[in-house]
Amino acid sequence: MRFPACRHANQSARTPAARPLAWLAAEPFRLFFPSGVLFGIAGVMLWPLFYQGQLSFHPAASHARVMIESFGGAFVLGFLGTAGPRMIGAPRLTSWEFSSLFLLHLAGGICHLLGRNVWGDACFLALLAGLSLALGVRLAMFRREPPPPPLLLAALGLACGMAGTLMWLNPAWMKTTEMYRLAGLLLYHGFLLAPVMGVGIFMFPRLMGHGFGEPAPGRETRNSWRNMILVAIALTASFWIELWVNPAAGLSLRFAAFVAALGHVRWRPASGSGHAGTLANALRCWCLPLAAAGILGPVFFAARRIAFEHLLFVGGFGLLCVIVGSRVLFGHSGKVERFHHRSWMARAIVFAIVVAALTRLSADFMPRVTISHYEYAAWSWAVGLLLWLVWHAPRFFNKDDDGT
Ligand code: HEM
């Protein structure tokens with residue numbers, strides 16, 4: 001079973017099976033996903049450690065960076081590093097490219113966990129620049145297929161991630177509160193939200209049991225490019241409007257872009273499949289609604305912005321990583337049909353992550369129990385991710401039948 005976005009089983013695809021590093025380079029998700037999950041647990045457990053007096057620094061910056069750069073970033077890298085070259089029929093990542101990217105990812109995450117945020121950001125910037133270069137060269141020189149329109153939003157995510165990190169690395173640029181917030185919006189929101197919308201248009205129909213959301217060649221593709229460009233402009237403009245014009249208008253525009261991008265995905269399971277599996281149900285019943293509430297919530301509760309943003313971070317980005325990651329792992333271990341099953345383990349994972357999201361939100365509304373609720377949320381999140389790791393453990397290094 002090949003990667004869901006794969007259209008080419010080319011020659012270079014078969015050679016890596018014989019050599020472990022080349023095989024991992026062809027399918028970077030196999031290392032990036034588990035590593036991202038471990039960072040995701042560590043980044044959240046900074047809070048219980050801090051409140052128990054076991055941490056010598058305040059973890060706010062390290063937590064935010066580990067969660068976005070090392071957890072979310074690992075899933076972006078794992079997904080784009082695997083699917084990007086295949087979508088355009090280009091050669092897969094080489095062992096050197098993969099090893100350098102993975103080492104930068106590890107170094108960045110470890111630096112952030114130790115409170116060395118400047119070094120961590122520098123590694124992350126190099127990581128995103130390296131991935132962009134690797135994909136850009138393939139797109140310019142080796143592509144055999146035109147890039148699908150949603151790839152534009154993935155590219156926008158990389159650009160937001162690099163711009164935001166560059167700003168954090170240059171404190172001299174952050175002369176006003178708005179500039180400081182812009183760095184946060186670009187890195188914490190744009191870097192993940194844009195690829196979620198782009199990849200979602202392509203992947204979500206597949207997760208509901210339909211075909212890929214690829215437009216047909218010709219007019220449909222031209223329309224899709226136009227829509228992607230409009231969504232990209234709306235998303236970017238929403239940051240500027242939120243900071244310099246009107247916060248509610250900016251957030252509403254971002255919400256509108258989110259709905260416009262994902263609104264026409266067919267959310268009913270494919271006819272004939274009977275019912276949606278646990279993870280597909282979690283996508284439409286929890287993940288998307290929590291993400292939407294996280295984007296729109298601060299319009300009504302401006303003073304609780306960070307609390308509502310955690311609905312997007314935990315219930316949106318976090319749960320989505322787990323769901324899409326599961327689809328990729330099932331697909332690449334020859335068990336794709338298991339994604340559409342109902343499963344107690346999947347239910348337990350979804351439950352733990354949703355509880356984490358709601359507990360994190362509620363914490364900021366209850367001053368007397370805020371800290372204990374942060375700790376419960378952190379533990380619930382850690383349990384959900386640990387279960388996911390254990391559930392998929394046999395699949396991370398399980399070679400597919402056709403060796404790809
Ligand atoms: C589930 C348990 C979690 C807890 C208890 C928690 C706790 C917190 C707290 C207390 C802050 C505020 C830091 C400050 O004083 O500025 C914060 C900020 C942040 N958290 Fe979390 N968090 C959790 C999960 C996550 C997840 C899963 C993500 C991302 C996937 C995430 C991403 C962020 C980001 C990006 C910020 C900075 C927000 C901003 O400054 O705009 N958090 N978190």
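A crossing of two helices is called left-handed if the near helix is turned anticlockwise from the far one by less than a right angle, and right-handed if the turn is clockwise.

What we are looking at is a predicted model, in which local features need pLDDT of at least 70 and side-chain atom pairs count only at pLDDT 80 or more, while totals for chains, interfaces and linings use all residues. Residues are numbered from 1 along each chain as its sequence is written.

Let me start with the overall division. The protein chain is split into domain 1 (20–147), domain 2 (155–266) and domain 3 (274–404), with bounds that come from an automatic or database domain assignment. The centres of domain 1 and domain 2, taken over C-alpha atoms, are separated by 20 Å. To their contact, domain 1 gives 14 residues and domain 2 gives 14 residues, where two residues are in contact if their C-beta atoms, placed from the backbone, lie within 7 Å.

Which elements give two or more residues to the side of domain 1 that touches domain 2? They are α4 and α6 (117–142), and the largest share, nine residues, comes from α6. Helices here are DSSP runs (H or I, at least four residues), numbered from the N terminus. By class, this side of domain 1 has eleven nonpolar, two polar and one charged residues; Ala, Val, Leu, Ile, Met, Phe, Trp, Tyr, Cys and Pro count as nonpolar, Asp, Glu, Lys and Arg as charged, and the others, Gly among them, as polar.

The axes of α4 and α6 come within 11 Å and cross at roughly 15°, the axes being lines fitted to C-alpha atoms over the stretch in contact, with angles running from 0 to 180 degrees between N-to-C directions. The two are therefore roughly parallel to each other, a term used for angles under 35 degrees, whereas over 145 counts as roughly antiparallel. α4 passes α6 in a left-handed crossing. Their contact includes Gly-73 and Leu-77 of α4 and Phe-124 and Leu-131 of α6, and its residues divide into seven nonpolar, six polar and four charged.

Please turn next to another pair, α3 and α14, whose axes lie 9 Å apart at an angle of about 160°. These helices are therefore roughly antiparallel, and α3 passes α14 in a left-handed crossing. Among the residues that make this contact are Val-37 and Trp-47 of α3 and Trp-381 and Leu-385 of α14. By class, the contact of α3 with α14 has 18 nonpolar, one polar and two charged residues.

Finally, the ligand. Of the 24 residues around the ligand, Ala-60, Ala-64, Met-67, Phe-313 and Trp-381 come nearest; a residue is counted as near if its C-beta atom, placed from the backbone, lies within 6 Å of the molecule. The helices that each supply at least two residues of the shell include α3 (29–51), α4 (60–87) and α14 (370–396), and the shell divides into 17 nonpolar, five polar and two charged residues.

Terms used:
Angles under 35 degrees count as roughly parallel, over 145 as roughly antiparallel, 65 to 115 as roughly perpendicular and the rest as oblique.
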